[in-house]
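Subject: Structure for you to look at

Hello,

Here is the structure we talked about handing over. Please open it alongside this email, and the notes below will follow.

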Amino acid sequence: MEILFLFGLGVIAGTLGGLLGIGGSVIMIPALSIILGWQFHLAQAVAMTVNPAVAVSAATKHHRNQSVSWTAVRRVLPLSIVCICIAAWLSNSIDAAWLEMSFGCFLIWVLWDQIACLADKTSQSGDEPNETITRCGITGGVTGVTAGFLGIGGGLIQVPLLNTLCKIPMKKAIGTSSAIMFVTAVIGAAVKDASLVNSVNEVGESNGLHAMDAVIKSAWLIPGALIGGWIGAKLTNALPVKQIRIAFAVLVVLAAIQMLTSAILVLF
């Protein structure tokens with residue numbers, strides 16, 4: 001039953017990832033930690049290991065649709081890679097409860113962002129793309145730090161930054177984010193998994209986790225994530241994204257409430 005659940009979770013996370021330009025961790029981490037009861041560090045590591053599967057199928061489809069700015073990809077990647085490696089390594093030394101609290105707060109920001117998108121507050125103004133090294137570097141740095149600490153693909157941060165800071169049209173920002181995320185997710189997941197042995201629980205004790213724990217468990221999600229990523233990218237130009245965002249926002253609310261409640265009970 002768990003295997004079927006993981007496959008289905010991979011499809012759902014992959015579809016949303018391909019559709020919205022995210023890695024799917026916002027769906028996977030709460031599901032793995034709340035529904036299956038996995039340790040939070042393990043849920044992060046598994047989600048980061050699955051993210052490349054979401055990104056590669058989505059990025060391939062977006063590239064075929066000419067919805068990727070390769071100039072932005074080349075300029076965002078260097079600082080993003082450095083930041084995600086440092087943050088992913090350091091995140092395992094932070095106890096799970098504080099990470100869970102941080103993730104719950106991040107979900108609240110995600111909810112606000114989705115509401116803003118539904119209200120068309122983040123719509124592209126029609127300006128010419130401004131993909132300077134400075135703007136792309138800021139995008140990469142902010143995304144890398146956030147993705148590494150929280151165990152996410154970073155698309156929820158990266159897509160708005162590409163759209164508003166680098167002036168890349170929204171659909172192209174989604175495709176560009178998928179291409180960037182494939183590279184950063186592979187490297188970030190490798191660092192997260194390798195340092196998983198250093199992870200600690202809320203009382204500072206070792207979780208007893210190893211890289212292979214994340215690799216083996218992620219193997220059940222990856223096939224669904226590959227399928228879902230391709231479906232999501234294909235649907236980007238076919239489905240009304242607003243309706244998808246509404247359903248996504250509802251899931252985010254439920255996950256945020258559960259994760260914040262759980263963290264507060266442990267910490268306080």
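At roughly what angle do the axes of helix H5 and H7 cross, and within what distance do they come? This is a predicted model, so every value here is computed from predicted coordinates. In it, the axes of H5 (residues 96-118) and H7 cross at roughly 40° and come within 11 Å. An angle in that range makes H5 and H7 oblique to each other. The crossing of the pair is left-handed. On the H5 side, the contact uses Phe-106, Trp-109, Val-110, Asp-113 and Gln-114, and these meet Leu-156, Ile-157 and Pro-160 of H7. By class, the residues of this contact are 6 nonpolar, 1 polar and 1 charged.

H7 also packs against helix H6.

- Geometry: the angle between H6 (residues 133-150) and H7 is about 170°, and their axes lie 9 Å apart.
- Orientation: angles over 145 degrees count as roughly antiparallel, and H6 and H7 are therefore roughly antiparallel to each other.
- Handedness: H6 and H7 cross in a right-handed sense.
- Residues: Thr-139, Val-142, Thr-143 and Thr-146 of H6 meet Ile-157, Gln-158, Leu-161 and Leu-162 of H7.
- Classes: the contact of H6 with H7 has 4 nonpolar residues, 4 polar residues and no charged ones.

Ile-157 of H7 is listed in the contact with H5 and again in the contact with H6.

The next pair is H3 and H8. Helix H3 (residues 40-64) packs with helix H8 (residues 170-194) at an angle of about 150°, and the axes are 7 Å apart. The crossing of H3 and H8 is left-handed. Among the H3 residues in the contact are His-41, Met-48, Asn-51, Pro-52, Ala-55 and His-62, and H8 contributes residues including Ile-174, Ser-178, Met-181, Phe-182, Lys-192 and Asp-193. The contact of H3 with H8 divides into 14 nonpolar, 8 polar and 2 charged residues.

Last, the cavities. How many of 30 Å³ or more does the structure hold? There are 2. The lining residues of the second largest cavity comprise 4 nonpolar, 6 polar and no charged.

Regards

Terms used
Residues are numbered from 1 along each chain as its sequence is written. This is a predicted model: local features need pLDDT of at least 70, side-chain atom pairs count only at pLDDT 80 or more; totals for chains, interfaces and linings use all residues. Side-chain values use heavy atoms; hydrogens and water are left out. On a 1 Å grid over the protein atoms alone, a cavity is a set of points where a 1.4 Å probe fits but cannot get out, and a pocket is an open set with protein on both sides within 12 Å along at least five of seven lines; lining residues have an atom within 4 Å of a point. Grid points are joined across faces, edges and corners, and a volume is the space filled by probe spheres set on the points. Ala, Val, Leu, Ile, Met, Phe, Trp, Tyr, Cys and Pro count as nonpolar, Asp, Glu, Lys and Arg as charged, and the others, Gly among them, as polar. Axes are lines fitted to C-alpha atoms, for helices over the stretch in contact, and angles run from 0 to 180 degrees between N-to-C directions. Helices (H or I, at least four residues) and strands (E, at least two) are DSSP runs, numbered from the N terminus. Angles under 35 degrees count as roughly parallel, over 145 as roughly antiparallel, 65 to 115 as roughly perpendicular and the rest as oblique. A crossing is left-handed if the near helix is turned anticlockwise from the far one by less than a right angle, and right-handed if clockwise. Contact means heavy atoms within 4.5 Å.
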